[in-house]
Amino acid sequence: MTPRLFLPGPLSAGGLHPLAPEQAHYLLRVLRLAAGDPVLCCDGAGELWQAVLVRSGSRAFAVELIACQLRTPAPTLRLHLLQGLLKGAAM
């Protein structure tokens, strides 16, 4: 199973996106990944990107985005919420 990682901001293919120290620690120490291993990155806007973990410095790591794997379309259904009101102090 390929690990997933959240990257804020708009993502674009080909660029290097530096990892926060916490993210790098999680990928390298907890999951025991190495440079060249695949990662899936999401941006919170409904896009899922294929990426590769790369070393960007002596102790710094980044992910290189390869291609957008999935774009979730905006929902087409409208959602309506209703609340039933109770009488008196019961509410």
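## Two residues and the overall form of a predicted chain

At 70% relative accessibility, Arg32 counts as exposed, because the cut-off for that class is over 50%. The model described here is predicted. Arg32 lies in the loop that runs between helix H1 (21-30) and strand S3 (38-42), and its phi is positive, at about 60°, although Arg32 is not a glycine. Most residues other than glycine have a negative phi.

Ala67, by contrast, belongs to strand S5 (residues 61-71) and is partly exposed, its relative accessible area being 30%. Once neighbours within four places in sequence are left aside, Ala67 is in contact with Leu48, Trp49 and Gln50. Ala51 is 16 residues from Ala67 in sequence, and the two C-alpha atoms are 7.4 Å apart in space.

| Residue | Relative accessible area | Class |
|---|---|---|
| Arg32 | 70% | exposed |
| Ala67 | 30% | partly exposed |

Along the principal axes, its C-alpha atoms fill a box of roughly 65 × 30 × 25 Å.

Buried residues account for 27% of the 91 residues, while the protein chain exposes about 6,900 Å², of which carbon and sulfur atoms supply 59%. The 8 positive and 5 negative charges of the protein chain have mean positions that are 9 Å apart.

Conventions:
Residues numbered from 1 in each chain as written. Predicted model: local features only at pLDDT ≥ 70, side-chain atom pairs only at ≥ 80, totals over all residues. Heavy atoms only, no water. Helix = DSSP H or I, 4+ residues; strand = E, 2+ residues; numbered from the N terminus. Buried < 20%, exposed > 50% of the residue type's maximum accessible area, 1.4 Å probe, protein only. Contact = heavy atoms within 4.5 Å. Areas by Shrake-Rupley, 256 points an atom, 1.4 Å probe, with all protein chains shown as cover. Lys, Arg positive; Asp, Glu negative; His and termini not counted. Charge placed at Lys NZ, Arg CZ, Asp CG, Glu CD.
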